[in-house]
Amino acid sequence: MPLLALGIAHGCGPLFRPMMTMMEQQQQQALKTGLILLGSVSGGQASNLFALLAGGDAALSVTFTLFTTILGAVATPAIIGCLLGGGGGAVAVDVVGVLRSVMSLAIIPLLLGLSTSRIAPKFVENKIRPLCPIVGIIATLCLVTGAAAGSSKLLLSEPTTVGYAILVSTLLPIVGGLASLAIARPILHLKEHVTRTLVVETLSKSPTLAYVLALRHFGAGAAIVPAAAMVTLAVVGAAVASVWSMIPVPDREEVN
């Protein structure tokens, strides 16, 4: 199951080939790069909350997020290199540099947190865990504000670019979620709570990681789509979770 989540979560980029072609024709290469970055990164941590609200399996959601984050250290650079640098592409891709960035931004903090919890569980439970919600909210606000400020000139000076960024960052989670839904129900016949978890994990990308990768390796223009996604992904994820929260899960008794 985690391998399925990994494949869908990191495979959203190729689903947008037609839109990428349209962007190339309209000289929107930076937006194409941002879209590929967003579609190639792992799931975001907000997916755990969305999965819980949607009637999914919170523990399974955490497992998905952990698994896709760890394997994403290899999958993300590989997909970016293939879609942007393959076939004599117009964008030079430093795959090793992207790999180092993913390791430093996602894997090292993850391993540090797991190690600290393992070594000093009481300290983490009593001192660190109570601070996590407020720290997470403040950090998210800082990241969203920084992303908006960093892309403000481009966002304000090119309304057409902003429109494309909002459009693709909204369509990406919708298409990815529908693709996972089409696989989970008719093909794999997964239980309802597992299906909901898989869909939420697929549509909830990590725009922060995509934004930082864009700034580090591809320039401010490529960061516009991830910057827009910090808002649009939250809206789409919250909308899906809200709708599903009103629909009872038939097999819910098997989750508890």
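Which helices each supply at least two residues of the nonpolar patch? Helix H5 (58–85) and helix H6 (95–119) do. The model is predicted: local features need pLDDT of at least 70, side-chain atom pairs count only at pLDDT 80 or more, and totals for chains, interfaces and linings use all residues. Residues are numbered from 1 along each chain as its sequence is written, and side-chain values use heavy atoms, with hydrogens and water left out.

The protein averages a pLDDT (the predictor's confidence in each residue, from 0 to 100) of 77. At least 70 is scored by 77% of the residues. Confidence is lowest in helix H1 (residues 2–10), at a mean of 57. It is highest in helix H11 (residues 192–203), at 90. Helices are DSSP runs of H or I, at least four residues, numbered from the N terminus.

The nonpolar patch lies on the surface and is formed by Leu-66, Ile-70, Leu-71, Leu-111 and Leu-114. Together these residues have about 380 Å² of accessible area, by the Shrake-Rupley method with a 1.4 Å probe, where only the protein chains shown count as cover. Patch residues have over 30% relative accessible area and no salt bridge, and nonpolar side chains are joined within 5 Å. A salt bridge is a side-chain nitrogen of Lys or Arg within 4 Å of a carboxyl oxygen of Asp or Glu. H5 gives the largest share, 3 residues.

Leu-66 is found in helix H5. Leu-66 counts as partly exposed because its relative accessibility is 32%, between the limits for buried (under 20%) and exposed (over 50%), with a 1.4 Å probe and protein chains only.

Phe-218 lies in the loop between helix H12 (207–217) and helix H13 (224–245). Phe-218 is buried, with a relative accessible area of 18%. Phe-218 and Gly-34 are 184 residues apart in sequence, yet 8.6 Å apart in space, C-alpha to C-alpha.

Notes: Patches are made of residues with over 30% relative accessible area and no salt bridge: like charges are joined within 9 Å, nonpolar side chains (Val, Leu, Ile, Met, Phe, Trp, Tyr) within 5 Å.
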